[in-house]
Structure formats: C-alpha cells, structure tokens
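The tour below goes through a set of charged pairs, one selection at a time.

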Amino acid sequence: MAIKVCLDAGHYGKYNQSPAVKTYYESEMTWKLTNLLKAELLTYGFEVVLTRSVQTKDLAVYERGKLSKGCNLFLSIHSNAVGSGVYENTDYPAVAVQLDGKGNKLGQQLADIIHKTMGTKQKGKIFTKEWNGDEYYGVLRGAAHVGTMGLILEHSFHTNTAATKWLSSDANLKKMAVAEAQVIADYYGVKKPATTGKLYRVQVGAYSVKANADAMLNKLKAAGFDGYITYT
C-alpha cells in the first residue's frame, strides 16, 4: 500500500509580504513549493492529497490538519519571519514537530536538507510549542487528533534578504522539492519505480486563442509539470 502524504500550503491569496523583497509573499511561495513537492512525491509512488484545491481558498488551521486523516504524514509549508521589518541576522530553517516526538527524526532531516539546499548560514533545527497541554499550532493539533504525524516546515525567514531572494526563484523551489522528496522517500524506505523506457504523452487541450493556451501552460508549470505548446 502506498504511503499517503497530506500537503498544506501555508496561507492563501497574498499573505505575509516580505519587507526585504516586496514581490515576495509567503502564501504564493508555499503554493508553488507545495505543488512542486506533490509532483516529486508522485514520482516515487506516494499518494498525495492537498488541503486546498485552489490558492485563493481559505480554511481554518485545525480543519486543515484534520484533512490528513488516513495519511501517514502531514506537512505544512511555510517561511518564517522576525517581526515585521528586515532582519538579516537570522536565517535558520525550523521544523515544528508534535509533542509526542514521533516526527523528530524526519523533522530534523528535513530541517537539515533545507539548510543544505538553501545554503543558510545557520543550521536547521526542530522545536515544539505547547498550549494547555496540547499542540499550539492548529494544523499540528488537527493532524494529531486524527492520528497523523505532522510537521510544519519553515523555509528560513522572509525577513532575511538573501533567503527571500532564494525562495523567490522557481528553479530554486524545484531544487527544494526534489531534495525534500528524496528525504521523505528515504525515511519511508521508498525508491522510484524503474523506468521502462516508454513515454506516454498526455494532451491537456486545444485552444483557438493563444492567450488561453499560454494561461494553461503557465498553470501547468506552476503546479510543477513540464509542458509545451504546438501549433496545428
């Protein structure tokens, strides 16, 4: 049976603008990275579900965690912040783990790979946060209450200029997705299926208006898929 992973893009719409790089919004980065990570995990044979189907849709944090019911792993994708201004002295990746400690090993491995892939000055670390004897973070509380191991991945700080510029690159996010998927696969002992040498192409659609074709191609690329346009 395939390992099932629930991915949660932290925030929605245009949320948490970086004070260091004004074009960066945490919500937009997390949506891109979530879909890229989904695409990579699928290549290993993981079953992957998302907590939201569109970037503009909001859902309460506890409910997002509960959507992981029946999954082996819940991951909430984020970038961190120090206050509301630019702060260049802090760039460590941090992974919030649940209080039961079951996610500590994978959490540290993911914190380490984020540090290595981004080249942050400070090493990655894991942490817990408690509220009245339960998980402080709603997504982790929801995941825990349905029996899912949950982690919140903070991909460095968008209050740090260098980190924010790195996260603003689609190519870099692709690298991150590849690296994180490898760590998750190794943790669960999953290897990519052997290729047969055959390729099966899937056609998305045909459009009489070039702008509509361009829009669909951009949507595919944003979701982590390759594509191209041919003229007939």
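Is Glu40 buried or exposed? Glu40 counts as buried, at 9% relative accessibility; buried means under 20% relative accessible area, exposed over 50%, and partly exposed in between, with a 1.4 Å probe and protein chains only.

Before going on, note that this is a predicted model, in which local features need pLDDT of at least 70, side-chain atom pairs count only at pLDDT 80 or more, and totals for chains, interfaces and linings use all residues. Residues are numbered from 1 along each chain as its sequence is written, and side-chain values use heavy atoms, with hydrogens and water left out.

Helices are DSSP runs (H or I, at least four residues), numbered from the N terminus. Lys174 is partly exposed, at 32%.

Next, select Lys32 and Asp170. Their closest N and O atoms are 3.0 Å apart, in a salt bridge. This pair joins helix H1 (residues 26-43) to helix H6 (residues 170-188) across 138 residues. Lys32 is partly exposed at 32%, and Asp170 is partly exposed at 44%.

Finally, move to helix H7 (residues 210-222), where Lys210 and Asp214 lie 4 residues apart, about one turn of the helix. Their salt bridge has its closest N and O atoms at 2.9 Å. Lys210 is exposed at 53%, whereas Asp214 is partly exposed at 27%.

A search of the whole structure finds 6 salt bridges.

Technical notes
A salt bridge is a side-chain nitrogen of Lys or Arg within 4 Å of a carboxyl oxygen of Asp or Glu. Helices (H or I, at least four residues) and strands (E, at least two) are DSSP runs, numbered from the N terminus.
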